[in-house]
Every structure is written in structure tokens, then in C-alpha cells.
Amino acid sequence: QTAMPQRWPGWDGRERWIMTYNLRSLMAASVAAACLVGTAQADELRDKALEMFKPVPSTVPAVQGNPITAEKITLGKALFFDPRMSASGVFSCNSCHNLATGGDDNLETSIGHGWQKGPRNAPTALNAVFTEAQFWDGRAEDLKAQAKGPVQAGVEMANTPTNVVATLNSMPQYVGWFKAAFPEEGDPVTFDNFAKAIEAFEATLITPAPFDSYLNGDDAALSEVQKTGLDLFIDKGCASCHSGINIGGNGYYPFGLVQKPRADGLPEGDKGRFAVRATADDSYVFRAAPLRNVAVTAPYFHSGKVWDLKEAVTIMGEAQLGEELNEQEVVAIVAFLDSLTGKVPEVTYPILPPETATTPRPTGEVITK
């Protein structure tokens with residue numbers, strides 16, 4: 001409010017009242033206009049973001065060809081944590097996709113059967129249901145197909161479908177869980193159903209984050225520096241590859257689109273999608289990494305050689321965009337990426353069915369039959 005003098009020479013009471021009213025109205029209008037400008041700017045950034053991204057849904061998403069049920073989720077959770085699905089009885093899905101550490105193992109490349117090191121960094125299992133395809137080279141079309149891969153890989157779990165099914169059939173509690181999860185089938189304990197159950201459980205591993213609250217209309221969900229980072233992330237071109245619900249995971253791009261990254265970031269022996277499609281255009285092509293929870297899933301890239309997120313952002317600017325980002329820009333983009341760290345659903349460690357006399361014994365050798 002504006003303080004007015006008790007008496008103004010030459011002005012009567014009515015004129016003083018009109019002047020006071022007009023000044024107060026002008027101040028109120030200025031404040032309102034400033035608020036409208038701020039709101040318009042916030043809405044403009046959100047509208048721009050909504051053209052590139054989508055918030056995580058509030059319910060478990062449907063997956064093609066595999067209706068999600070509570071019984072499948074219960075079974076899939078047990079299978080996800082059960083190391084007896086590996087030949088050695090040591091490694092489970094959770095070994096490389098630890099739900100307590102961001103859905104990955106925080107190693108450059110994962111340790112598998114016989115303590116071998118795998119060829120690539122383990123992607124997070126969190127929000128994996130939203131990606132276009134699985135693995136860095138996209139060789140698995142969905143989570144069902146992905147669940148079968150590590151079990152059979154000699155460098156990972158080194159098991160076979162036949163031995164997995166024999167192991168499951170040897171434990172009556174597992175047989176009962178399979179019958180409850182697939183009641184329409186006469187013989188439900190199959191490798192396909194094993195994979196479907198794990199897919200059902202992994203579909204529940206979604207992590208709504210502050211960025212989702214922002215997309216849904218909450219301006220206060222992001223700090224000003226995070227909003228600046230979001231604006232840069234879009235305007236610099238990062239969102240051209242890292243878009244959609246999972247902020248990535250929905251396209252394939254050469255690593256080193258503009259400038260080849262340093263040697264340890266792009267190992268000579270790993271040509272990415274070339275191994276799947278065997279075409280020259282797919283040499284060193286990889287699926288764009290999903291960026292949800294990226295702040296807690298170091299190290300980065302398929303090689304796992306970069307441990308610092310600021311360094312990873314700098315490398316991506318140079319290699320993919322031809323942009324030499326300055327320190328302030330990198331800090332702002334990393335702040336935005338921090339807003340993608342979501343709330344992990346609480347998962348109670350399952351009590352697994354006990355072995356029986358017919359349960360196949362663990363072995364240190366790769367099972368081939």
C-alpha cells in the first residue's frame with residue numbers, strides 16, 4: 001500500500017482518494033502482470049517439455065501378450081531374486097540389476113559365471129518396461145525376451161531352459177505358484193512362462209520422479225537451475241535422442257555421431273547393433289540410454305568407463321551434438337538429470353521355495369544340455 005499525506009495543497013479529499021486508488025490499482029496490476037509473465041514462461045517450458053516427454057503413469061503399465069496379475073508378479077519377484085536360476089546357484093537377476101542400488105550393479109561390466117566379466121555395462125531394470133527394446137543393441141524385443149538371455153549366456157548365468165524347468169518342477173511351492181499365475185494351462189512350468197512372470201514383476205518397477213510432478217503441473221517440483229537445465233536439454237538437442245517416458249531407450253544412434261569419443265568410451269571390439277543386423281550402417285550404433293535415475297546408476301555408457309555424470313554430459317555434448325558445453329550449462333543439465341531420480345517401489349525380499357532331493361545341484365561348469 002502507498003502512504004498518502006494527510007493534506008495535499010490544492011487537492012480536496014475526493015481527489016486524494018482517487019489518486020490513492022489509482023496508485024494502488026497500478027501497483028496491483030504490475031504485480032499481476034509480473035505473475036502472469038512468470039506463469040506464461042513456466043507454462044511455455046512445460047508445453048515444450050510435454051512435446052518431448054511423457055510422465056510415468058500412476059499404475060502398472062500393460063505389456064503386450066502378457067496380462068499382468070498379482071499371481072504373476074509374486075512368482076516373477078521370486079524368480080528375479082532366485083540365484084538357483086543360474087547354473088552355479090550364485091547369480092540371480094538381482095545380482096546385475098540390484099534394486100537397492102538403482103537397478104544395476106554399479107560396475108563397469110557385470111561379473112557372471114566363473115567370475116567372468118561381461119562385455120557391457122548392465123542397464124538399470126527400473127522403468128525398463130518403457131524402453132523400445134532391451135539390451136544396448138536392442139536384440140531383445142521386450143522384457144520377456146530379455147529375461148531369457150542372461151539365463152542362457154555363458155558369461156552370465158550359464159544355464160539352459162531345460163535345467164531351469166527341471167529346477168522349478170523339483171520344488172512343489174514353485175509348481176503351485178506357476179499354476180496360480182497361469183491357471184489356464186495344464187503344464188504351466190515352462191521357460192516361456194518363467195520369462196513372462198519376470199516381465200510382470202519388472203513392469204512394477206516404475207519410479208515416479210520430481211520431473212513427473214512438473215510435467216503434471218507442479219511448478220515447484222523443479223528448482224530454477226533444474227528448469228534451466230531442462231531448457232538446455234531440449235534446446236541443445238539432447239532430447240532428440242533422449243525423449244519419451246523413459247527419457248531415452250526408444251531409438252538407435254551412432255556413439256560418436258559428430259565426434260568420436262575417447263578410446264575407452266568406444267571399445268574397438270564392440271560394434272553395437274552391427275552384431276544384431278550385420279549391416280555397415282549399424283557399426284557402433286547403440287540404443288539411446290534411458291536416463292531415468294541416471295544420477296544413481298554410474299558408471300556410464302555401454303563401456304562403463306565414465307563414473308562422473310558431469311563428465312558424461314560433457315562427452316555427449318562433444319560426441320553427439322558437436323557442442324562444447326560450458327561449466328554452467330553442464331551443472332544445469334546435471335541438475336535437471338537429478339530430477340529424474342524417482343521413488344523406487346518398496347520390494348520385500350522374498351522367501352524362496354526350499355530345494356528337494358530332485359533339485360539339480362549347482363555346478364561350476366557351463367550347462368550345455
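Contact, in these legends, means that heavy atoms lie within 4.5 Å. The structure is a predicted model, in which local features need pLDDT of at least 70 and side-chain atom pairs count only at pLDDT 80 or more, while totals for chains, interfaces and linings use all residues. Residues are numbered from 1 along each chain as its sequence is written, and side-chain values use heavy atoms, with hydrogens and water left out.

View 1. K144 lies in helix 4, where helices are DSSP runs of H or I with at least four residues, numbered from the N terminus. Leaving aside residues up to four places away in sequence, K144 touches Q64, N66, A195, K196 and E199. K144 has 15% relative accessibility and therefore counts as buried (buried means under 20% relative accessible area, exposed over 50%, and partly exposed in between, with a 1.4 Å probe and protein chains only).

**View 2. Helix 2 against helix 6.** The axes of helix 2 (residues 70-81) and helix 6 (residues 172-181) come within 8 Å and cross at roughly 145°; axes are lines fitted to C-alpha atoms, for helices over the stretch in contact, and angles run from 0 to 180 degrees between N-to-C directions. Helix 2 contributes E71, K72, L75, A78 and L79 to the contact, and helix 6 contributes Y174, W177, F178, A180 and A181.

**View 3. The ring pair F91 and W115.** The ring centres of F91 and W115 are 5.5 Å apart and the planes stand at 70°, so the pair is edge-to-face (rings of Phe, Tyr and Trp, the last by its six-membered ring, pair if their centres lie within 6.5 Å, and planes under 30 degrees apart count as stacked, over 60 as edge-to-face and the rest as tilted). The pair links distant parts of the chain, 24 residues apart, with F91 in the loop between helix 2 and helix 3 (93-96) and W115 in the loop between helix 3 and helix 4 (143-152). F91 counts as buried at 9% relative accessibility, whereas W115, at 61%, counts as exposed.

**View 4. The ring pair F191 and F194 in helix 7.** With centres 5.3 Å apart and planes at 10°, the rings of F191 and F194 form a stacked pair. The two residues are 3 residues apart in helix 7 (residues 191-202), and so F191 and F194 are separated by about one helical turn. F191 is buried, with a relative accessible area of 10%, and F194 counts as buried at 1% relative accessibility.
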